[in-house]
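Subject: Structure for you to look at

Hi,

Here is the structure I promised to pass on. Have a look at it first, and then read on for what turned up.

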Amino acid sequence: MAYWLFKTEPDAFSIDDLKHAPNQTTLWEGVRNYQARNFLRDDVKEGDLVMIYHSSCKNVGVAGIAKITSAAYPDPTQFDLNSDYYDPKATSDSPRWVVVDVTYHQHLNKLVSLKSIKANDSITELALKKAGRLSVMPVTEHDWNEIIKMAK
DNA sequence: GCCAACGTTGGC
DNA sequence: GCCAACGTTGGC
C-alpha cells in the first residue's frame, strides 16, 4: 500500500465536502498536469491512503485522510463541453486525463499547516516542501507518520 | 491582489 | 529542439 497527498481548494471541494458526499466518495476529477496524471494513472492503487491538503485558502495544510477506492479510469469531464475541465484534444479512443475514486476516511484532529510541515526538519522527502505545484504527489511512510504525529 | 515559480505553447 | 512569451498555481 502506498501513501499520497492530493491538493484541493476547499472553496471548491474540501474534506468536509468529501465527508458529506454520496457514499462519502467522489471522482477526483480535473487533474490537468502530466506529472500528477502519471502518478494517478500508473501508481495510485485501490487501498492506498491519501492526505487531503487544502490549498489557496485561509488555513493551508493537511486536513484529513481518504482512501483510494478505485484505480484510474478516464476523467469524464475531459469530454464534457460544459465542464471547465473540457479538453478538446481528448477523445474517448485516447483519453488524456484520468480520475480515481476517493472515499472519506477521517479528519485529522487538527490541521497540519504547511508552515509546520516546512518547519519539521525530519520531513525531508515531501515534494510539498520544495515548492512544487504538483497536485498529486507520493508521501513516504516516514513523512506520512510524521504528519500524523503532528496532528495529535 | 501580488508575484515568484514553473508548466505549456508555438515560432523558428 | 530551443527558447521567449504567456498562463496558471498557490503562498502570502
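Predicted model: local features only at pLDDT ≥ 70, side-chain atom pairs only at ≥ 80, totals over all residues.

**What turned up**

Let's start with strand S1 (residues 3-8), which is joined to S3 by six bridges, the two running parallel.

On its other pairing, S3 is joined to strand S4 (residues 61-74) by six bridges, and here the strands run antiparallel. Val 50 has Ala 66 in S4 as its bridge partner. Between S3 and S4 the hairpin has six residues, and Ser 56 takes a positive phi near 50° there.

How much of S3 is buried? Five of the six residues in S3 (residues 49-54) are, so the rest of the structure largely encloses this strand.

Now the helix at residues 141-150, H4. Its buried residues are Asp 143, Trp 144, Ile 147 and Met 150. They span an arc of only 125° around the axis, which means they sit on the same side of H4. What do they pack against? The buried residues of H4 pack against S1, S3 and S4, and also against strand S5 (98-113), helix H3 (114-119) and strand S6 (136-139). On the face turned away from that buried side you'll find Glu 141 and Lys 149, both exposed.

Around DNA strand C are Lys 7, Ser 55, Ser 56, Val 60, Leu 114, Lys 115, Arg 133 and Ser 135. By type, the residues of this surface split into three charged, three polar and two nonpolar. Ser 56 of the hairpin between S3 and S4 is one of the residues surrounding DNA strand C.

Finally, the overall picture. Chain A has six strands and four helices, in the order β-α-β-α-β-β-β-α-β-α from the N terminus. Its radius of gyration is 15 Å, which agrees with the value near 15 Å that a compact globule of 152 residues would have. Along the principal axes, the C-alpha atoms fill a box of roughly 45 × 30 × 30 Å. Of the 152 residues, 30% count as buried. Taking the contacts between residues at least 6 apart in sequence, 71% join residues at least 24 apart.

Cheers

Definitions and conventions: Residues numbered from 1 in each chain as written. Chains lettered and ligands numbered in written order. Rg over C-alpha atoms; globule rule 2.2 N^0.38 Å. Buried ≥ 20, exposed ≤ 12 C-beta atoms within 10 Å, placed from the backbone. Contact = placed C-beta atoms within 7 Å. Pairing = 2+ DSSP bridges. Near = placed C-beta within 6 Å. Nonpolar A, V, L, I, M, F, W, Y, C, P; charged D, E, K, R; others polar. Arc of directions from axis to C-beta.
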